[in-house]
Structure formats: structure tokens, C-alpha cells
There are 2 protein chains.
Amino acid sequence: MSGAFSFRVIATDGAARCGVIGTPHGKVSTPAFMPVGTQATVKGLTPDDVRATGADIVLANTYHLMLRPGAERIASLGGLHRFMHWPHAILTDSGGFQVMSLAKLRKVGEGGVTFRSHLDGALVVLSPERAIEIQRLLGSDIAVQLDECVKLPASHGELERAMRLSLDWAQRCKRAFEASVHGQVLFAIVQGGDDLRLRVESARALVDMDFDGYAIGGLAVGEPHDVMLRIVAEVAPALPEARPRYLMGVGTPLDMIEAVVRGVDMFDCVLPTRNGRHGLAFTRFGPVNLKNACHADDSRPLDEESKCSAARDYSRAYLHHLVKANEMLGAILLSSINLAYYQDLMARARAAIAAGRLEELRDEIKTAWTRGDSVT
Amino acid sequence: MSGAFSFRVIATDGAARCGVIGTPHGKVSTPAFMPVGTQATVKGLTPDDVRATGADIVLANTYHLMLRPGAERIASLGGLHRFMHWPHAILTDSGGFQVMSLAKLRKVGEGGVTFRSHLDGALVVLSPERAIEIQRLLGSDIAVQLDECVKLPASHGELERAMRLSLDWAQRCKRAFEASVHGQVLFAIVQGGDDLRLRVESARALVDMDFDGYAIGGLAVGEPHDVMLRIVAEVAPALPEARPRYLMGVGTPLDMIEAVVRGVDMFDCVLPTRNGRHGLAFTRFGPVNLKNACHADDSRPLDEESKCSAARDYSRAYLHHLVKANEMLGAILLSSINLAYYQDLMARARAAIAAGRLEELRDEIKTAWTRGDSVT
């Protein structure tokens, strides 16, 4: 690992761990949730707002930033931290996932992936080497290898081909990564779809290559909840204790807590901000759909004991009004409330692991989320 | 005037005055700019953000709030201050202006105005008495009479009819207002279009009725800049020295400073937030259109000496990126920057009046706004 980077497990509870990742841009307490700053901004919030929710680290999307405003441009402006005015840790993904989900006319070959930009149709080539170069230009603290992510369900043959290609790209990313000086670390991505044998093979091969951390990719792409959990339960023990484990694109509060139980340290997901923009709040007591007319005369805040002022200071009636009136402030407050809830959930998970009572917390959260806060 | 309400002129410079309005929800330094909180929210900003720009008072639109969520509902939720979590002063307009500009099938009669809601087509009657009742339910600090605002250009006959109707409604509003106990004051609205004789007649008749403050309405509705200034110059001296004067819906920085020179104390306008949502920044050096490609590689902030952190902390390149990418944060930061600029302009006007150098400030601002900050 790079000198400025470290990972220390502080406590364990079964397979679950709580710890601290050290980065050149500060400490990240794990289990950690990373708000998604797709286009170098977490939608609707200032960097100070994001920090106030409790975030130590955000994710930024290489795919979006390479197309606009461009990685070279961000580098010449002093790097991504300075560009987006976020002095804390940043993880960049490799761009692979969005190439699969957003780009047009993509063609995957040995050399990399060729696609047309969803913005202007320009032809772009993303190779493992270029993915590393872009993330170096962005200057994130944690870079991620280029991989090929396959939508589920998929055939065994397709899953195996993509997994082996991703292994090859992992090796090439590592070589490119080590060829230059940097204050970054590189995470590999375990692939293999819903095939447990392929997953374990992928994990072992990547561990042999020795990365700074390991992501589990290609989940939360349509497979059932229990399939996802089975894969996490199988893959996590195949990864080194001394390295952070990151479950990409996951998920709901229940998904995350179940993954923490199985040994995952890091998460990212657009749900808290996307749902916030659509009138759905996450609270300790479950989800609340603020579009519903039942809130129109409700003077209670969402959670008067929340650490998040937005959850304490505004009535459900006001939030309902903002959502119905399509006011930006509705999206802003609910995004903030939801991110604060996610961060609070991670903080509670860390405390529960330290106290050896993670199972209790899991059951608590399950009950709240099964019951719900009110008629929604 | 009501016990909790006061207005004190601290200094004058020619016709211009600086002073303080006392309200049950705090002091308002004048000349004052009131950000527009149309639907009980200043678009894109939290109440704390709005306060941080320097605002002592916001405006809320009676028309919008009576239709959604409803004045009775806001009253039962504890009033508008509590509803929108803004503990400082609030002025509500009467709804008259939006009835003219937004509502369908409106019919003005002696009794009031009947119209169909632009939201759901519901038939609504707004009489002078109901306009007062609604503003009482909202619980604003400053209420405004119902008037009829005519679009310019208009015939002399039409202007005179609307002016006399507005005088009649002023009297009825005053009677309704005085019939009950409250912590509110009531402003009258001078009408008369671009006809100076009608304007002065309206002003004198309203002064005879003795209101707590006087608005000049029906301007910034299409007339030339110099016509507006001529009317302000003519009307202001006809109003009592000891009462605040409010120029409704105005305006650009230059409009405001010229109106201050002519004795106006209060302003409201959607420009800073609307332009902020469309990529235009107001700065000490003039307007900056952040959509322009010339900003793409510009690492300078908009104004590194601004009191507004958003104007200091983010590069023009980043703001350009946010605007091009249609990110909410672009609208949020630019709205905040623009409102802070408007508040700073008012603070500089107050200081200039106290120092007897308002003409100098006016010339400074004119020069900056004529030259512009950069090629926009």
C-alpha cells in the first residue's frame, strides 16, 4: 500500500468489522457509506452539506467526468478535490459500469471498450491503461480497476468470459498504476455474476495479484436480495482480512446492514439522493413517502431526535408542500435527511460491532423497515 | 402603527434614506432587499442559507399560498414563519399581481376579483376583505392591500379606473384590517400606471387614509427604465417621511440604486434567484454568464473578496461545469451568490447614505454594470 494509505480493523463481531481507512485526505471510518457525486457534485447539496451529514468520503464517476468537463481539464484546475471543493477522501470508479449502462454502440474487446458518448455521440476508447490515467488525472484517493460488468441474468459462458476479461484488465490496471508516482491506491473488482464458483475464482486470482482493496462488482443489477447476500457471504471470506471490502452500488439500508454482517466495509448508492428528489424520506422508523396527502396537516418533524437539522426543523406538512409544489428545497432537504440517515446507520453499525451487538441492530432495522413509519 | 412595528430614519443623503424597520420578528435595515419566497421557500436555498446572504426579511406570495397549501392550513400549522422555518420578518403581497399574471378567466368587479386557479382550475374569489383575512392567517409581519395592477402600456381611462378601484379596495382593506387584533401592519399600494397625475392623486388619497407604509405598484411591468424612475421621483415626495416606501417587483441592481437615490426603502425581485437558476451571476464587477465556454478553464472564483463563501470557494470553471451539466448545485450556488450580491448592494447603499456619498456609489455601480466582468 501507498504510504499515506492505511486500513486498520478496530473491532469485529462475527464476520463484521469496524475500522479506519487512512487516506491523504483524511480518515474514513468503516463501515462507510460513500454518497455518489456523479458529476463532481452530490446532487442538491454543497460539499459542506455533504460533510455535515457525516460523510468521510464521496464517490465520483469517472465515466461522467472524462466526458465532461474532461480529466485533463480537472487536472489542470488542480485535481478533483479542489475542483469540487471537497477536501476529504474521494473514490473514483473506473467508468466501466456507466459504459455498460449509459453509452451507445459500445464494443468490448481485449484492448478495452469503445463507445459513443451519451452526451454528444463522440467516439471514446476506454482501456485499462486509460482508466488508470484518467483516475490519476482526477487525483482521487482510491482508484478502481476497469472491469466488465454483466447484467443479470446472464449465461454461465457470458459471466465467465467477462470475469476472465476483468481479471486480465485488473493485471493491466495494476501494471499501469505501478508505472508512475502517486498518492493513490488501487482497488480490484471481483466479478462472476451470480455464479459462486466464478466469484471465488475471481476473488482468489485478484488476491494473488495483491491489491490495496477489493470491490465486489456486478451486484444490485437485478438479482434477488438473497442471491446478492449469498455471493457476499461467499466472496468476503476469500478476501484478505487486512484490506477494505467495498460492495459497489449497494443499496437499501437492509442490504447494507446484511452486507456489513457478512464482512463488507464500504458502500455507495444513489438511492438516498435519488429518492430524496422523488419525495421519499429514509428515517429511523422506516421509509416515509412525503407525496402522500396524509402528511398535509402533520406538524411533526420526520425525526425530532435526529442529528440532521433538516429532519428536526421542518414539519412533514412543509416537506409535503415542497414536494407537491416541486420546489428544489424539497429535494435538497430530503437528500440531506436521507444521506444523514445513511451515515447514522453506518455510525450505529460501527458502534454495534464494537459492542458485539450487530445482530440486534440488524433486527431493529429490519423491524422498523418492515413496519414503516406511517401509512405510506 | 402597531406597537411592535416601528420605522426610524437614521440618515439621509438627498432624497435617499437609511433606516430601521422594527417588526415582531426582528429588525430590517433599510434600504432592504426582500428575497422572494413564492411558495414559502426562496427557490433553492434553506432559510439558513437565505439568512446567511444577509436578508432580514423575505416576501411570500399570498396568491400561491392561498391555493397551495391554503391559508387556513398554514394558520393551523402555526403560521407562515413556523411553516417555512423562517423566524425573521415576512412581507406578504395581496395576491393581486399574480391573479393578473397567472390566473385564468379572471373577472374584476367592485367586490373583488374572481378567477380560476392555475393549478386545478378551481373557482376562487379574492375580495379586499379576504386578502386581509388570508394574510392574517399567514401571520406575516407586513400585509399589503389588494389592488388592481394594470399592464403597461394602457389607456388613461383604464389606468384611472384601476387606480380608483385600488383606492376603494385600500379603504376596505384598512377597515377589515382594523376590525381585529393582530401583530401585523398594513401597506397601501400607489397605482396609476405611467400617468404622473394619477400617481400623485393615488399617493395623496392613500396618505390621507394613513397606512403603516406605502408600496409603489404596477411598475417593472414593461415600461422603460426612465419612466419608472420618473414615477418614483414624483411619488416618493408625496409619501410621508416617517413611513417606509416599497417599490414592488424591482429590480436590477441599477434600478434599485436609482430608486434608493429617489427615496425608496424596500425592494423585492425574482431576478437574483431566477437568473441564478439560468447560469447568470451578479457580482461587484457586473454580470457573468457562466454558460459561456470562456469560463471552462478559469480557475478564478467569481469574487475572492466576497463575503459569500460560494463566490469565493468555487472556480468559474466548476460553476460553468455545474451549469452545463444542469446540476442543482449550480442553481443553488448562483442563487446564493446573487442574493448575497443584492444584500451587499443594500449594505453598501446604507453605508453610502450614512457617509453622504450615495451618488459616488451609484456611479461606481453604473460603471461596473456597463463594463461587465468579462466577455459575457
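**Exercise 1. In which helix of chain A is the place of Asn338(A)?** Work out also whether this residue is buried or exposed, and which residues it touches.

*Solution.* This is a predicted model, in which local features need pLDDT of at least 70, side-chain atom pairs count only at pLDDT 80 or more, and totals for chains, interfaces and linings use all residues. Residues are numbered from 1 along each chain as its sequence is written, chains are lettered from A and ligands numbered from 1 in the order in which they are written, and side-chain values use heavy atoms, with hydrogens and water left out.

Step 1: Asn338(A) lies in helix H14 of chain A, residues 328-354, where helices are DSSP runs of H or I with at least four residues, strands are runs of E with at least two, and both are numbered from the N terminus.

Step 2: Asn338(A) is buried because its relative accessibility is 0%, the classes being buried under 20% relative accessible area, exposed over 50% and partly exposed in between, with a 1.4 Å probe and protein chains only.

Step 3: Leaving out residues up to four places away in sequence, Asn338(A) has contacts (heavy atoms within 4.5 Å) with Pro272(A), Asn275(A), Gly276(A), Leu280(A), Ala281(A) and Phe282(A).

**Exercise 2. Explain why helix H13 of chain A is largely enclosed, and identify what covers it.**

*Solution.* Step 1: Helix H13(A), residues 316-324, is largely enclosed by the rest of the structure because 8 of its 9 residues are buried.

Step 1: Those buried residues are Arg316(A), Ala317(A), Tyr318(A), Leu319(A), His320(A), His321(A), Leu322(A) and Val323(A).

Step 2: The cover over them includes strand E16 (286-289) and H14 of chain A, together with helix H2 (62-67) and helix H4 (80-83) of chain B.

Step 3: Just after H13(A), Asn326(A) takes a positive phi of about 60°.

**Exercise 3. Find the residues that touch the most other members of the largest nonpolar core, and list the contacts of Leu80(B).**

*Solution.* Step 1: A nonpolar core is a set of buried Ala, Val, Leu, Ile, Met, Phe, Trp, Tyr and Cys residues joined through side-chain atoms within 4.5 Å.

Step 1: The largest such core has 221 residues, and those touching the most other members are Leu80(A), Phe267(A), Leu358(A), Leu80(B), Phe267(B) and Leu358(B).

Step 2: Beyond its neighbours within four places in sequence, Leu80(B) is in contact with Ala40(B), Ala60(B), Leu65(B), Ile74(B), Ile90(B), Thr92(B) and Leu138(B).
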